[in-house]
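Here are a few friendly notes to read alongside the model. Take them in order, with the structure open beside you.

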Amino acid sequence: GVLWPCMLVLVAQWFPANEKSTALAVATTGNQLSVVIAMFVTAELCQLPWGWPMAFHVYAVCGIVMCFIWYLVVYDSPCHADEKVSKEELQYITTERVRQRPMHPNWLALMKSPVVWSIAASSFAHNYVTVGTITYLPLYYKTVLNMSLTSNGVLSAVPFILQFFSKVFYAGMADSAKTRGWASFDTVTKFCNSSASFGIALCFGLLCFCDCSQRPAAIFLICMAMSFVSGYIPGYSTSAVTIAPAQTAAIAAFSRFWGQIASSVAPYHIGAYTKQGTHEEWTIVFAIMAGICGITGMFFHCCGTASLQDWDSDHSKAPMEIAREELIDSSKLDDSLRVTTVD
């Protein structure tokens, strides 16, 4: 709950607009690495003399070590890291950034913004699909596809390994399109988010027709669905750090709030629907996932954007607009000085 808003604020502060998608992709690859590593490492740790407590102790120590590293190397913005950042790098990072002043979250504007709600809806779909798949994929392999324990463990990790690579591919493609002018920021953001939403919906929709006799097809569709999930990073996640720079933390917290609701609801719903583990029960689960992704994807496609919002006050103005205002103000000052001199 704390980490996600902090991470988005750091990405918004430390990276120019045409690199935010790649930065988010690299920053969130830890999600996939942790799943893959934990699936294998936890099982080994639990076989040591201490059993389950050993796994908890090891992960706790890792968390403490990462906390110390965080405090040593992380700065809120490049302006606070004068000794670590050269003037050339600082200029490169901040060239396209809009002028920002300290500002409290404008919750009323956030609640009234369709863009923010579309981001929250995509966050809900993203977390529902991800957490539901992580939690119940081994059960699906066992009960519907009748797979052995060994095959189950290996193939449960494969979709997340593919997601790791697809995330880097998606982000690189999105930032390249922005840098080379192939498409506008809005177009790239909506395309990536729509490909994720509708791609997942299509894969889960087709998965409804797969049983144990179509095992390869079912595994392929699950891997493709998890690969499409990566499109959410240059999609709604990038939108969250660009539409209102001064409100990034509030937008991230609000979208994460709905993501956490999805993370809590998904295991409960899927567990309630798959008590017997039949193919018919899993068909309902996949149909619900497809419906959630399709509806939220359409919502973001209609209301989502990566453009700066007017309700972000001065922070929504583009750098050229700000420069123009400052030029006008300085010309007025010069005129007043000339009048004073003549008088």
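1. Residues 193–210 have end C-alpha atoms 26 Å apart, and the span is 83% helix and 0% strand. Helices (H or I, at least four residues) and strands (E, at least two) are DSSP runs, numbered from the N terminus. For residues 54–73, the end C-alpha atoms are separated by 29 Å, with 100% helix and 0% strand.

2. Please keep in mind that this is a predicted model: local features need pLDDT of at least 70, side-chain atom pairs count only at pLDDT 80 or more, and totals for chains, interfaces and linings use all residues. Residues are numbered from 1 along each chain as its sequence is written, and side-chain values use heavy atoms, leaving out hydrogens and water.

3. Helix H8 (residues 185–207) packs against helix H10 (residues 233–240) at about 130°, their axes being 6 Å apart. Axes are lines fitted to C-alpha atoms, for helices over the stretch in contact, and angles run from 0 to 180 degrees between N-to-C directions. H8 and H10 are therefore oblique to each other; angles under 35 degrees count as roughly parallel, over 145 as roughly antiparallel, 65 to 115 as roughly perpendicular and the rest as oblique.

4. Which residues join these two helices? On H8, Thr189, Cys192 and Asn193 meet Pro234, Gly235, Tyr236 and Ser239 of H10 (contact means heavy atoms within 4.5 Å). This H8 and H10 contact has 3 nonpolar, 4 polar and no charged residues. Ala, Val, Leu, Ile, Met, Phe, Trp, Tyr, Cys and Pro count as nonpolar, Asp, Glu, Lys and Arg as charged, and the others, Gly among them, as polar.

5. H2 and helix H3 (residues 52–73) have axes that come within 7 Å and cross at roughly 130°. That makes H2 oblique to H3. Ala38, Val41, Thr42 and Leu45 of H2 meet Trp52, Met54, Ala55, Val58 and Tyr59 of H3, a contact of 8 nonpolar, 1 polar and no charged residues.

6. On confidence, the chain averages a pLDDT (the predictor's confidence in each residue, from 0 to 100) of 80, and 85% of the residues score at least 70.
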